[in-house]
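Thanks for making time this morning.

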Amino acid sequence: MAKKVLVLGELRDGSLRNVSFEAIAAGKKIAEGGEVAAVLIGDSIKSQADAMIHYGADRVIVVEDEQLKHYTPDGFSQAFMAVCNEEIPDAIVFGHTSLGKDLSPKIASKLNTGLVSDVTDIEEGDDGFVFTRPIYSGKAFEKKVIIDGITFITVRPNNIEPLEKDESRSGEVQSIAAEIKDLRTIVKEVITKASEGVDLSEAKVIVAGGRGVKSAEGFEPLKELAEVLGGAVGASRGACDADYCDYSLQIGQTGKVVTPDLYIACGISGAIQHLAGMSNSKVIVAINKDPEANIFNVADYGIVGDLFEAVPLLTEEFRKLKT
Ligand code: FAD
């Protein structure tokens, strides 16, 4: 049955995050030939609407208000609910990002419906769509079917392939007025940490360093390799605790959960809490001096050796491939 699907487009520093396009692809599948309407919430963001259409949205609904310049739970839930009340969707898709994780349960509770979060795959089953999601920190996967109410899911970044960009697509862009009031939190200023390059949670390649990197300077060869591969630098908590890098780079149970195409772990022992954040990466390469290190148990390829020798060699070889 054709469905009407609402997909939230998420912006960072004024540009759409890639997970927004992945959410459209998920929405298209669930819509079964119905309409996918993208929702953009913010202040002066209409210019981003075309990109959502180029990636497959049939229509874009924009909610603009100066109080929506920065994400607040109250502001964004009021804005999204204004769209829901007007559109009465059959399904909703958000990205499983910090924003999506915060906003989706609020919306689900306001709509009195369920939510399947952190979806990594969508298949058609006998009783409707089957949504796959990791459980037990990625050690197992469960499959869920929604039998009643709105089909509401969040999709994990880097798991659902976006549709091919088609700049010849066109669609209606409409504005909806929402009454944004009684905000309990007001963001006065956003102080961004100096982070270079690719966003860690959406990176296709991650070069991560652990305590074996030994110092902040020890991260330099990893940064070079990440740059050559067009990837991002990540870290274990061991490296963050030792002050070799910022906690924003931490991957694991209490850090970021990532699923890049390629994860290169350098000087990381492979503690269970670290594996919780990266073991679902498509290809894992481990570089460690200790042949017994646990990281080799999840690695597809292993290099037993000194990372300060192996990493520059890899960088050199990948550089040659690029030229
Ligand atoms: P280590 O375990 O010290 O490993 C360093 C590795 O580097 C060793 O295997 C060593 O052989 C190798 N090495 C040393 N020198 C070289 C060299 N020159 N070349 C190659 N290899 C070398 N950890 C996380 O990462 N993320 C989390 O989110 C997280 N959450 C946690 C939550 C809780 C509640 C707890 C209790 C712990 C958590 N931890 C987390 C910490 C986790 O248990 C480990 O302590 C941490 O992951 C270890 O980091 P590491 O692998 O960098 O360091």
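Helices (H or I, at least four residues) and strands (E, at least two) are here DSSP runs, numbered from the N terminus. What you see is a predicted model, in which local features need pLDDT of at least 70 and side-chain atom pairs count only at pLDDT 80 or more, while totals for chains, interfaces and linings use all residues. Residues are numbered from 1 along each chain as its sequence is written, and side-chain values use heavy atoms, with hydrogens and water left out.

Let me start with Thr 315, which sits in helix H8, residues 307-322. Is Thr 315 buried or exposed? Its relative accessibility is 3%, so Thr 315 counts as buried, where buried means under 20% relative accessible area, exposed over 50%, and partly exposed in between, with a 1.4 Å probe and protein chains only. If we set aside neighbours within four places in sequence, Thr 315 is in contact (heavy atoms within 4.5 Å) with Pro 221, Glu 224, Leu 225 and Val 228.

Two packed helices are described by the angle between their axes and the distance between the axes. The axes are lines fitted to C-alpha atoms, for helices over the stretch in contact, and the angles run from 0 to 180 degrees between N-to-C directions. Helix H5, residues 220-228, packs with H8 at an angle of about 25 degrees, the axes being 9 Å apart. H5 and H8 are therefore roughly parallel to each other, given that angles under 35 degrees count as roughly parallel, over 145 as roughly antiparallel, 65 to 115 as roughly perpendicular and the rest as oblique. The crossing of H5 and H8 is left-handed, meaning that the near helix is turned anticlockwise from the far one by less than a right angle, whereas clockwise would be right-handed.

The second pair is H3, residues 73-87, with H4, residues 98-111, and here the angle is about 50 degrees and the axes are 10 Å apart. H3 and H4 are therefore oblique to each other, and their crossing is right-handed. On the H3 side the contact includes Phe 76, Phe 80 and Met 81, and on the H4 side it includes Leu 99, Leu 103 and Ile 107. By class, the residues of this contact divide into nine nonpolar, one polar and three charged; Ala, Val, Leu, Ile, Met, Phe, Trp, Tyr, Cys and Pro count as nonpolar, Asp, Glu, Lys and Arg as charged, and the others, Gly among them, as polar.

Now to two residues with polar side-chain partners. His 96 is in the loop between strand E6 (91-95) and H4, and at 16% relative accessibility His 96 counts as buried. Its side chain makes a polar contact with the side chain of Thr 154 at 2.8 Å. A polar contact is a pair of N or O atoms within 3.5 Å; within protein, one must be able to donate a hydrogen and the other to accept it, and residues adjacent in sequence count only if both atoms are side-chain atoms.

Arg 133, in strand E9 (residues 128-135), likewise counts as buried, at 17% relative accessibility. Which partners does the side chain of Arg 133 have? It reaches the backbone oxygen of Ser 117 at 2.7 Å, and it makes a polar contact with the side chain of Glu 142, at 2.7 Å.
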